[in-house]
Amino acid sequence: MSEEVRLVAWVRGRVQGVGFRWFTRARALEIGGLSGFALNLDDGRVQVVAEGSRERCEGLLDWLQAGDTPGYVDGVTEIWDTPRGGYDGFAIR
């Protein structure tokens with residue numbers, strides 16, 4: 001059985017105004033089994049919170065870091081935690 005985790009990632013670069021949150025949600029839904037959200041921050045970053053199996057969260061993180069995203073990702077900072085729950089699917093905020 002896979003460990004359930006919470007991934008919080010802050011994505012830097014040109015990631016606002018380019019459909020980044022929409023594509024992040026689409027990728028999370030494609031991976032499946034993830035809940036959480038993608039949110040534009042006032043400082044130009046996008047915060048991504050995903051809960052699910054470690055393998056699936058790592059898949060989303062790999063995609064965020066791979067450069068196959070809209071816009072341009074300059075870097076990703078992430079932390080891992082225990083899931084908190086309370087999300088209904090994967091949302092754009």
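The legends below describe close-up views of a predicted model.

Local features are given at pLDDT of at least 70 and side-chain atom pairs at pLDDT 80 or more, while totals for chains, interfaces and linings use all residues. Residues are numbered from 1 along each chain as its sequence is written, and side-chain values use heavy atoms, with hydrogens and water left out.

**View 1. Overall fold of the protein chain.**
The protein chain holds 2 helices and 5 strands, in the order β-α-β-β-α-β-β along the sequence. Its radius of gyration is 12 Å, close to the 12 Å that the globule rule gives for 93 residues, so the chain is as compact as a globular protein of that length. The radius is taken over C-alpha atoms, and the globule rule is 2.2 Å times the number of residues to the power 0.38. Helices (H or I, at least four residues) and strands (E, at least two) are DSSP runs, numbered from the N terminus. The C-alpha trace spans about 35 × 25 × 20 Å along its principal axes. Of the 93 residues, 39% count as buried; buried means under 20% relative accessible area, exposed over 50%, and partly exposed in between (1.4 Å probe, protein chains only). Among contacts (heavy atoms within 4.5 Å) between residues at least 6 apart in sequence, 77% join residues at least 24 apart.

Helix α1 covers residues 20-31, has 12 residues, and reaches 16 Å from its first C-alpha to its last, close to the 16 Å expected at 1.5 Å a residue. The expected span is 1.5 Å times one less than the number of residues. Phe20, Thr24 and Ala28 are the buried residues of α1. They lie on the same side of α1 because they cover an arc of only 75° around the axis, the arc being that of the directions from the helix axis to the C-beta atoms. An α-helix has 3.6 residues a turn, so residues three or four places apart point the same way. Trp22 and Glu30, on the other side of α1, are exposed. The cover over the buried residues of α1 includes β1 (4-14), β2 (35-40), β3 (46-53), α2 (54-66), β4 (72-81) and β5 (90-92).

**View 2. Strand β3 and its neighbours.**
Strand β3 is largely enclosed by the rest of the structure, because 8 of its 8 residues are buried. β3 pairs with β1 in the antiparallel sense over 8 bridges; two strands pair if DSSP finds at least two bridges between them. Within that pairing, Val5 has Gly52 of β3 as its bridge partner. β2 and β3 also run antiparallel, joined by 6 bridges, and Asn40 stands opposite Val46 in β3. The hairpin of β2 and β3 has 5 residues between the strands, and Gly44 there takes a positive phi near 100°.

**View 3. Gln47 in strand β3.**
Gln47 lies in strand β3. Its relative accessibility is 16%, so Gln47 counts as buried. Leaving out residues up to four places away in sequence, Gln47 touches Val8, Ala9, Trp10, Phe37, Ala38, Leu39 and Leu41.

**View 4. The pairing of β1 with β4.**
Strands β1 and β4 pair in the antiparallel sense over 9 bridges. Here Ala9 stands opposite Glu78 in β4.

**View 5. The largest nonpolar core.**
A nonpolar core is a set of buried Ala, Val, Leu, Ile, Met, Phe, Trp, Tyr and Cys residues joined through side-chain atoms within 4.5 Å. The largest one has 20 residues, of which Val11, Phe20, Val48, Leu60, Leu64, Val76 and Phe90 touch the most other members. Two or more residues of this core come from each of β1, α1, β3, α2 and β4. Helix α2 gives the most, with 5 residues.

**View 6. Pro83 in the loop between β4 and β5.**
Pro83 sits in the loop between β4 and β5. With 36% relative accessibility, Pro83 counts as partly exposed. Pro83 touches Glu4, Val5, Arg6 and Glu51, not counting residues up to four places away in sequence. C-alpha to C-alpha, Pro83 and Arg56 are 13 Å apart in space, and they are 27 residues apart in sequence.
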